[in-house]
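Please read it beside the sequence and the coordinates.

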Amino acid sequence: MASNLNTLVTVFGGSGFVGRNVVRALAKRDYRIRVAVRRPELAGHLQPLGKVGQIHAVQANLRYPASVEAAMRDSHAAINLVGILAESGAQTFDAVQSLGAGAVAKAAGAVGARMVHVSAIGADENSASRYARAKAAGEKAVLAALPAATILRPSVVFGPEDQFTNRFAALARVSPMLPLIGGGLTRLQPVYVGDVATAVADAVDGKTTPGAIYELGGPEVLSMREIMAIILATIERRRMLMSLPFGLANFQALLLQFAPGALKLTPDQVTLLRSDNVVSDAAKAAGLTLEGLGISADSLEAIAPQYLWRFRAAGQFQKKSVAES
């Protein structure tokens with residue numbers, strides 16, 4: 001059987017949170033990995049994830065198809081992980097998540113490479129959210145160029161250096177209360193980044209159904225209120241959970257969209273929280289899930305203590321970690 005070292009996989013967006021986990025998973029399976037990023041000089045942290053010469057970074061920007069085509073030369077497989085949570089300048093949802101995804105698929109098709117495209121649960125061309133519409137348009141563009149491509153739609157992804165659990169843990173450090181947009185009733189199915197990376201690597205291995213759309217969720221469906229409670233219990237801090245109606249949250253987002261770091265909140269993100277983000281019954285019935293791939297998903301409660309410990313209050317432990325308004 002041929003070694004995976006003869007297979008070159010180009011990973012677009014490989015230096016980000018999900019990307020570094022995908023690169024690690026591919027490296028463990030002995031693939032040669034080309035990481036295509038806008039700033040390759042900032043991707044040096046990926047080198048220790050593989051053997052000497054196994055991982056190589058190149059410059060590519062999804063808004064410039066020529067750079068995408070150059071990054072795909074001689075590749076056997078392409079993985080597109082590029083996505084943004086908020087727009088900034090030329091980095092718009094449509095440019096990155098729709099047109100950009102299509103550019104990767106066309107470049108992959110031109111060299112006869114197979115493709116794995118990571119989208120998101122909630123991708124919907126009829127959604128009120130521009131993020132969700134762009135994700136759906138990206139899926140459509142990928143399948144139009146490469147009908148045998150695999151689409152993976154994760155729910156909200158958690159793990160070390162995520163922009164989800166770490167964000168609220170950081171807020172809990174400085175704020176006496178945490179907001180629950182829409183009362184915290186929105187249901188999510190948080191999925192561990194390591195499980196997502198395994199699914200991506202399995203798809204590269206050829207274990208997925210060509211042209212299928214998989215939905216990746218963790219073992220539990222949790223409301224935002226329940227997730228906040230888990231985060232607070234993990235970092236051993238007591239904070240008030242304050243319900244924030246959608247209308248008021250949207251008004252605040254008009255200002256907070258310009259805020260830095262953990263305080264940033266955009267109107268489009270508020271819109272996304274109006275809908276649940278969970279694996280559909282149709283995906284479960286078709287076996288297009290983590291379980292269908294034979295992956296046993298890790299829970300938020302099991303993994304979060306491994307990296308959120310740094311947010312704990314020094315010398316402080318409280319059995320009751322949540323106070324509700």
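Leaving aside neighbours within four places in sequence, Glu 215 is in contact (heavy atoms within 4.5 Å) with Ile 121, Arg 153, Val 278, Val 279, Ser 280, Ala 283, Leu 288, Thr 289 and Leu 290. The model is predicted, so local features need pLDDT of at least 70 and side-chain atom pairs count only at pLDDT 80 or more, whereas totals for chains, interfaces and linings use all residues. Residues are numbered from 1 along each chain as its sequence is written, and side-chain values use heavy atoms, with hydrogens and water left out.

**A buried glutamate**

- Glu 215 belongs to strand β11, residues 213-216, where strands (E, at least two residues) and helices (H or I, at least four) are DSSP runs numbered from the N terminus.
- Glu 215 counts as buried because its relative accessibility is 10%, the classes being buried under 20% relative accessible area, exposed over 50% and partly exposed in between, with a 1.4 Å probe and protein chains only.
- The side chain of Glu 215 reaches the backbone nitrogen of Ser 280 at 2.7 Å.

- Not counting residues up to four places away in sequence, Ile 79 touches Val 9, Thr 10, Val 11, Phe 12, Val 22, Leu 26, Val 116, Val 200 and Val 204.

**Helices α5 and α7**

- In helix α5 (residues 165-174), the buried residues include Thr 165, Asn 166, Phe 168, Ala 169, Leu 171 and Ala 172.
- Among the elements that cover the buried residues of α5 are β7 (157-158), β8 (177-181), α7 (224-235), β13 (239-244), α11 (300-303) and α12 (305-308).
- Thr 234, which lies in helix α7, counts as buried because its relative accessibility is 9%.
- Thr 234 touches Ala 304, Pro 305, Leu 308 and Arg 312, when residues up to four places away in sequence are not counted.

**An exposed leucine**

- Leu 255 has its place in helix α8, residues 246-256.
- Leu 255 counts as exposed because its relative accessibility is 63%.

Terms used
A polar contact is a pair of N or O atoms within 3.5 Å; within protein, one must be able to donate a hydrogen and the other to accept it, and residues adjacent in sequence count only if both atoms are side-chain atoms.
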